[in-house]
Amino acid sequence: MADALEDFYAIIPAGGIGSRLWPLSRADAPKFLHDLTGSGTSLLRQTWDRLAPLAGDQRIMVVTGRAHRVAVESQLPGVADHNVVLESEPKDSTAAIGLAAAILRRREPDVVIGSFAADHVIGDARGFRRSVREAVAAARAGYVTTIGITPTEPAIGFGYIHADGEALDVEGAATVHAVESFVEKPDLETATAYLEEGNYLWNAGMFIARADVLLAEIGRTKPELLAGIEELAAAWDTSSRGAVVDAIWPGLEKIAIDYTVAEPAAAAGRMAVVPGDFDWDDVGDFASLAKLQSGGRANNLAVLGDGARILADSSSGIVVAHSQRLISLIGVEDIVVVDTPDALLVTTSANAQRVKGVVDALKISGRGDVL
């Protein structure tokens, strides 16, 4: 593609079931494979379409579970076979992104990689790409870079990035700042203070860096994990891949890249952030899905599902209908109803974050048939 960045490779980690969206999102049909925006395409496909103008179709790598290979490849017919990395079991983001980076560095030593979740919603694709271009410029200068989202409200469901007040002097990245620290999800009072201060951004989990820089950061904090990743990468494009994966992958430490790379790099002054002013949502629960579907209008009832049969009177919230049942709602506010052939969820927007607890309870009780 004419405007693609020559040294850039995009990575899409497509893992996790999105347990706060159960029973819509399941182990065999995770969140990223669903169309949650009414666009006619899945979140995964939307992610691909945002990244293709930056990297080109042949420079996008997808990391996903073996069980999802067929679905992923059917949704992304343009993905090259050598750019599909299959996990035998989930090992969290350090292993997934680190392995992709190590494979790509062996193919192309100076490559800049960018990791972008498969299940986020971004309304302004052009604004997103502007931010990525700045982040790539900062990555070329040696920083591990992230894109932080300019907050529009004191949200308590997101982590935050505390950015330094002074912009860094990086050619091609006019708005990039040093990261002072990453902050866990705050309470409402703290989030309100962050918004007023102005130097805090939502952490969207996007990471852009030279592959060698990212791997060096993993090596500083988790040398044994890096050694396993490098052993896997060395065998990846050879006939011994299968045997090495079976021997090494199960023993890799399961840990998020926030703890192995982002937080330590920020503490050492090696982390940068580009403020992103584009619309972004991680669709983390049914409350955020309802807000997305209703355009933020609190009195609306959002309905998702082909052929949904809904009768509603003075009701608001969201109904996700994947069965042929008639669902009638009378005088209920902020309701969440998710109706599937084998499981029914009824809760409220205020309790949407607690759905993950239901999934945990089902695992403990051995009800894996509905997960």
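**Close-up views of a predicted model**

View 1. D119 counts as buried, because its relative accessibility is 15% and the limit for a buried residue is under 20%. The model shown here and in the views that follow is predicted. D119 is found in the loop between β4 and β5. Apart from neighbours within four places in sequence, the residues in contact with D119 are K31, F32, L43, T47, D282 and V283. One of these contacts, K31, is examined in the next view.

**View 2. The salt bridge between K31 and D119.** K31 and D119 form a salt bridge in which the closest N and O atoms are 3.5 Å apart. This pair links distant parts of the chain, with K31 in the loop between β1 (8–14) and α1 (43–55) and D119 in the loop between β4 (112–115) and β5 (121–122), 88 residues apart. Both K31 and D119 are buried. In the structure as a whole there are 18 salt bridges. Side chains of opposite charge can pair when their charged atoms come close.

**View 3. The salt bridge between R66 and D246.** A salt bridge joins the side chains of R66 and D246, at 3.6 Å from N to O. Because R66 lies in the loop between β2 (60–65) and α2 (69–75) while D246 belongs to helix α8 (residues 241–248), the pair ties together parts that are 180 residues apart in sequence. R66 counts as partly exposed, with a relative accessibility of 45%.

**View 4. The salt bridge between D237 and R107.** The closest N and O atoms of D237 and R107 are 3.0 Å apart, and the two residues form a salt bridge. D237 lies in the loop between α7 (223–236) and α8, and R107 lies in helix α3 (residues 92–107), so parts that are 130 residues apart in sequence are tied together by the pair. D237 is partly exposed, its relative accessible area being 49%. R107 also counts as partly exposed, at 29% relative accessibility.

**View 5. Helix α3.** Helix α3 has 16 residues and reaches 24 Å from its first C-alpha to its last, close to the 22 Å expected at 1.5 Å a residue. The helix is mostly covered, with 12 of its 16 residues buried. These buried residues are S93, T94, A95, A96, I97, G98, L99, A100, A101, A102, I103 and L104.

**View 6. Helix α4.** Helix α4 (residues 125–140) also has 16 residues, and the distance from its first C-alpha to its last is 22 Å, close to the 22 Å expected at 1.5 Å a residue. Its buried residues include G127, F128, S131, V132 and E134. Further along, A135, V136, A137, A138 and A139 are buried as well. G142 follows α4 and has a positive phi, near 105 degrees.

**View 7. The largest cavity.** A search of the whole structure finds 1 cavity of 30 Å³ or more. The volume of the largest cavity is about 50 Å³. The residues that line the largest cavity are T47, R50, F116, A117, H120, I122, F128 and M206. By type, this lining divides into 5 nonpolar, 2 polar and 1 charged. Among the lining residues, F128 is one of the buried residues of α4, and T47 is one of the residues in contact with D119.

How values were computed:
Residues are numbered from 1 along each chain as its sequence is written. This is a predicted model: local features need pLDDT of at least 70, side-chain atom pairs count only at pLDDT 80 or more; totals for chains, interfaces and linings use all residues. Side-chain values use heavy atoms; hydrogens and water are left out. Helices (H or I, at least four residues) and strands (E, at least two) are DSSP runs, numbered from the N terminus. The expected span of a helix is 1.5 Å times one less than its number of residues. Buried means under 20% relative accessible area, exposed over 50%, partly exposed in between (1.4 Å probe, protein chains only). On a 1 Å grid over the protein atoms alone, a cavity is a set of points where a 1.4 Å probe fits but cannot get out, and a pocket is an open set with protein on both sides within 12 Å along at least five of seven lines; lining residues have an atom within 4 Å of a point. Grid points are joined across faces, edges and corners, and a volume is the space filled by probe spheres set on the points. Ala, Val, Leu, Ile, Met, Phe, Trp, Tyr, Cys and Pro count as nonpolar, Asp, Glu, Lys and Arg as charged, and the others, Gly among them, as polar. A salt bridge is a side-chain nitrogen of Lys or Arg within 4 Å of a carboxyl oxygen of Asp or Glu. Contact means heavy atoms within 4.5 Å.
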